[in-house]
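Here are some notes for a colleague who is meeting this structure for the first time. Please read them with the model open beside you.

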Amino acid sequence: MGLFGSKNKQDGVTEHDRAVLELKVQRDNLIKYKRKIQTVIDKETQAAKQLALDGKRDRALLVLKRRKNQQKQLDDADKILCNVQELVDDIEFAQVQAKVVEGLQQGNAALKALNEQTKLEDIEMLMDDTAEAVEYQKSVTEALSGKLSAEDESAIEEELLSFLAENEEEVEVGEVPGESTTGVGVSPVG
């Protein structure tokens with residue numbers, strides 16, 4: 001049985017998780033060990049002071065040597081603790097990196113799948129169809145709003161010019177100025 005009564009990896013605990021847990025347990029043990037050594041150092045410092053005050057210089061020196069040895073062990077424990085913490089941090093960061101890489105791979109695969117669903121030729125054909133539909137819609141809108149296309153405008157201009165040309169021809173042929181060809185609204189002045 002594993003942690004908390006589980007038997008298999010279905011609970012999501014990986015070897016990395018176990019390694020990190022073991023390192024954290026060792027870190028906690030080192031912290032306890034440091035506290036224990038610090039307590040011993042404090043007691044030995046007090047004992048050395050008392051022995052020095054009592055005039056027992058040789059014993060005070062012996063206690064101070066032991067304290068120095070304990071201090072060295074405390075320094076070594078600090079170094080080991082720093083290494084363990086650094087290793088825990090490195091493993092946790094590597095796990096985060098692995099998850100990021102996995103996410104990037106999944107995102108890349110999803111993007112490739114979506115790109116395979118949409119072929120470039122299909123997009124170009126869709127864009128052409130859309131352009132045609134927009135042009136048709138413009139024509140419908142112009143027809144409904146009464147606007148004329150450029151072709152209609154030029155046809156109207158040509159028709160106007162032909163009317164003007166016909167009118168000039170009629171004036172040249174001999175119409176009397178002041179008379180209306182329609183017979184309405186113009187009276188001779190005189």
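This is a predicted model: local features need pLDDT of at least 70, side-chain atom pairs count only at pLDDT 80 or more; totals for chains, interfaces and linings use all residues.

1. The residues that line the largest pocket are Thr14, His16, Asp17, Ile91, Glu92, Ala94, Gln95, Val96, Ala98, Lys99 and Glu102. Sorted by class, this lining has 4 nonpolar, 3 polar and 4 charged residues.

2. For H1, the length can be checked against expectation: its 39 residues, at 1.5 Å a residue, should span 57 Å, and the C-alpha atoms at its ends are 57 Å apart, so the two values agree. After H1 comes glycine 55, which has a positive phi, near 85°.

3. Which residues of H1 are buried? They are Val20, Leu23, Arg27, Leu30, Ile37, Ile41, Glu44, Thr45, Ala48 and Leu51, and the buried residues of this helix pack against H2.

4. On the H2 side, it is worth looking at glutamine 70, which lies in that helix. Glutamine 70 has a relative accessible area of 18% and therefore counts as buried, the cut-off being under 20%. Apart from its neighbours within four places in sequence, glutamine 70 is in contact with Ile37, Val40, Ile41 and Glu44; Ile37, Ile41 and Glu44 are themselves among the buried residues of H1.

Key. Residues are numbered from 1 along each chain as its sequence is written. Side-chain values use heavy atoms; hydrogens and water are left out. On a 1 Å grid over the protein atoms alone, a cavity is a set of points where a 1.4 Å probe fits but cannot get out, and a pocket is an open set with protein on both sides within 12 Å along at least five of seven lines; lining residues have an atom within 4 Å of a point. Ala, Val, Leu, Ile, Met, Phe, Trp, Tyr, Cys and Pro count as nonpolar, Asp, Glu, Lys and Arg as charged, and the others, Gly among them, as polar. Helices (H or I, at least four residues) and strands (E, at least two) are DSSP runs, numbered from the N terminus. Buried means under 20% relative accessible area, exposed over 50%, partly exposed in between (1.4 Å probe, protein chains only). Contact means heavy atoms within 4.5 Å. The expected span of a helix is 1.5 Å times one less than its number of residues.
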